[in-house]
Amino acid sequence: MEDQNVEKRTLQRNLLIFSFIGVLVIGLLGGIVFSIVEYRGITSDLSWSQELSDTEDYLGASESLDRAQGRWLVNLFDVRKPSIEDLFNEIETRIKDQKFYQAGLDIGNEGDWEIGMTLLSEIQSNSFYYQRAQTTVEQFRGKVLAQELETERTNRRFVEDEVKRQILTLNLVRNALESETTARLTAESATQTERLAKEEIQR
């Protein structure tokens, strides 16, 4: 009977140990699976945030990063935390650059191309908006040059018209002087002819 009790206890102890190990293995596998799912969620949130940021939906990108930052792997073990912080900083920089770009674009489109170019030139070369800003600066520069060219044409036309007016005035004065000189010479010639005729008659 004692052998049966010992055997029964050994069996119960072994069963308890195996049950404990089984629960531990299941818990460990469940934790690993849950951690993998959580990690994939973090990666998915980061990816989605980057996509939204590239389409300039910065609010949606920030919300996606907030979701990633709220996950337990990030909070407890700092998993992908540097990536999340880098993306937050990038979004903040993009928002600032977007404001500069939009302000420069708006001011330039209102006709103040020089100030628009100045604002757009402040965008750094590593910015998401740099290429757009440079393209817009070149467009504004083209408008400035076109305006300067038009001003030059207008000034030249004005000078040409002024020269034509002066030439016309000179021609009118010359014609008037020639007419007056011809009339005076004709009158003097008639007067001299009369005087000579009177002298001839008196002789």
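This briefing covers the core, salt bridges, surface patches and one backbone detail of the structure above. The model is predicted: local features need pLDDT of at least 70, side-chain atom pairs count only at pLDDT 80 or more, and totals for chains, interfaces and linings use all residues. Residues are numbered from 1 along each chain as its sequence is written, and side-chain values use heavy atoms, with hydrogens and water left out.

**Nonpolar core**

- The largest nonpolar core holds 23 residues. Such a core is a set of buried Ala, Val, Leu, Ile, Met, Phe, Trp, Tyr and Cys residues joined through side-chain atoms within 4.5 Å.
- The elements giving two or more residues to this core are α1, α2 (58-69), α3 (72-77), α4, α5 (113-121) and α6 (130-202). Helices here are DSSP runs (H or I, at least four residues), numbered from the N terminus.
- Helix α4 gives the largest share of this core, five residues.
- Inside the core, the residues with the most contacts are L46, L65, I84, Y101, L120, I123 and F140.

**Salt bridges**

- The whole structure has 13 salt bridges. The criterion is a side-chain nitrogen of Lys or Arg within 4 Å of a carboxyl oxygen of Asp or Glu.
- D45 pairs with R71, with the closest N and O atoms 3.0 Å apart. This pair links distant parts of the chain: D45 is in helix α1, R71 is in the loop between α2 and α3, and they are 26 residues apart.
- D45 is buried because its relative accessibility is 6%. Buried means under 20% relative accessible area, exposed over 50%, and partly exposed in between (1.4 Å probe, protein chains only).
- E150 pairs with R157, the closest N and O atoms being 3.6 Å apart. E150 is partly exposed at 35% relative accessibility, and R157 is partly exposed at 43%.
- Salt bridges that share partners join E38, D45, R67 and R71 into one network.
- K81 pairs with D78, and their closest N and O atoms are 3.9 Å apart. K81 is partly exposed at 25% relative accessibility; D78 is partly exposed at 44%.

**Surface patches**

- Patches are made of residues with over 30% relative accessible area and no salt bridge; like charges are joined within 9 Å, and nonpolar side chains (Val, Leu, Ile, Met, Phe, Trp, Tyr) within 5 Å.
- A nonpolar surface patch consists of I17, F18, F20, I21, L24, V25, L28, L29, I32 and I36. Together they have about 1,000 Å² of accessible area, by the Shrake-Rupley method with a 1.4 Å probe.
- F18, one of these residues, lies in helix α1 (residues 2-54). F18 counts as exposed because its relative accessible area is 60%.
- A patch of negative charge on the surface gathers D106, E110, D112, E114 and E148. Asp and Glu count as negative, and the charge is placed at CG of Asp or CD of Glu.
- D106 sits in helix α4 (residues 81-109). D106 is partly exposed, with a relative accessible area of 38%.

**Backbone and chain contacts**

- E56 has a positive phi of about 70° although it is not a glycine. Most residues other than glycine have a negative phi.
- E56 is in the loop between α1 and α2, and is partly exposed at 26% relative accessibility.
- E92 lies in helix α4 and is exposed, at 58% relative accessibility. The C-alpha atoms of E92 and Y58 are separated by 8.6 Å, with the two residues 34 apart along the chain.
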